[in-house]
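Subject: Structure handover

Hello,

Here is the structure for you to take over.

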Amino acid sequence: MAVTLTLALTSLGRSQPLSPFSEFQSMSIADLATLQVKLTYMGSQNAGIASIVFTAPGNIVNVALFTPFHRPDQAYFNDEFSPQTFAASPQDLKALIDSVGALSDVADGHVDPGGTVSFTLLNTAGGTTRAFESIVNRTNGRLLFGRMLAALQNNPEAVRSLRSFGCAVGMLPATPPTDVTAQATIVGSGLRADRKHPTQFVGKVRVTNTSGTTISAPMVLVILLDTDATLLGADGTTCAVTPIGHPFINLLTSGTLASGTTIERVLRFANPSGSKLNATFRLYAGAGAP
């Protein structure tokens, strides 16, 4: 399967010409209501990685519009899967374009040596379809994902989708946050079966800063489970810290946690087997994605 995917290249014919990034930088907020942004993995793989396509609320995702702009000899096979989608406001799309525009090696629209992720903008505003594409390698990809995550940081669905995709293709920013577990006490309590939802368990976790110093946001709590239960409503899964693949929640996105103060959150788990839940926790704070 992996070999078939890797060899499924676009036709050798000429594609429609791409537009410079500057055309998208000059688009108005109204124009951006029809903008689509697509991320496609083009490297070798053992299974398909669905592309991400996002656009403004009310606009319809249409992956087929990108096809005429495919570069010859590039592998867009992952566009054949149903894409991951989410909505982002025209203002957030403008912020993303402005932020990415500062990355000259992305905004140049080139194919990086060893590039494996296609970053494409497409808009039909004014009745003319325009597209920009840059195919980035891991170095520029990490910068790109860092900019996108920052621009869309107030959109939880966008952050989850971008983090999941970025982790799968090895392009999340490389600097992890700091493990501050030793600076706090973390206590889970009251875990019980939910009478209204028999296969779910609900409980609380309290995180108290016992370090004598302030802990600055962002602050995330990683939940380690030794059963097949699933944390519901997780903000993501670990990728840059070990062990990877465990769910986390955002405890604090701005401000600080002063010494002696506590944050409390309700945790809900899907636990179809009904087995005893044993959870341990790790606390991370500061810049970087867990």
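Predicted model: local features only at pLDDT ≥ 70, side-chain atom pairs only at ≥ 80, totals over all residues.

Residues are numbered from 1 along each chain as its sequence is written, and side-chain values use heavy atoms, with hydrogens and water left out.

Cores. A nonpolar core here is a set of buried Ala, Val, Leu, Ile, Met, Phe, Trp, Tyr and Cys residues joined through side-chain atoms within 4.5 Å; buried means under 20% relative accessible area with a 1.4 Å probe, protein chains only. The largest one has 39 residues, and L39, F54, F119, L121, M148 and F165 have the most contacts inside it. Its largest share, 5 residues, comes from helix α5 (residues 138-151); helices (H or I, at least four residues) and strands (E, at least two) are DSSP runs numbered from the N terminus. Leaving aside residues up to four places away in sequence, F119 touches residues including F21, L39, L96, F132, L144 and M148, where contact means heavy atoms within 4.5 Å. A second, separate core of 25 residues includes I223, I249, L251 and L283.

Strands. Strand β8 (residues 197-209) pairs in the antiparallel sense with β7 (residues 184-194) over 9 bridges; two strands pair if DSSP finds at least two bridges between them. A hairpin of 2 residues joins β7 to β8, and G188 has V205 as its bridge partner in β8. β8 also pairs in the antiparallel sense with β15 (residues 262-270), over 9 bridges, with F201 opposite F269.

On a 1 Å grid over the protein atoms alone, a cavity is a set of points where a 1.4 Å probe fits but cannot get out, a pocket is an open set with protein on both sides within 12 Å along at least five of seven lines, and lining residues have an atom within 4 Å of a point. The search finds 1 cavity of 30 Å³ or more. The residues lining the largest cavity are K38, F66, F69, H70, Y76, S118, T120 and E133.

The largest pocket holds about 700 Å³ of space, a volume being the space filled by probe spheres set on grid points, which are joined across faces, edges and corners. Of its 26 lining residues, L149, Q153, V159, P218 and N250 are the closest to its centre. Helix α6 (156-168) gives the most to this lining, with 4 residues.

Regards

Technical notes
Buried < 20%, exposed > 50% of the residue type's maximum accessible area, 1.4 Å probe, protein only.
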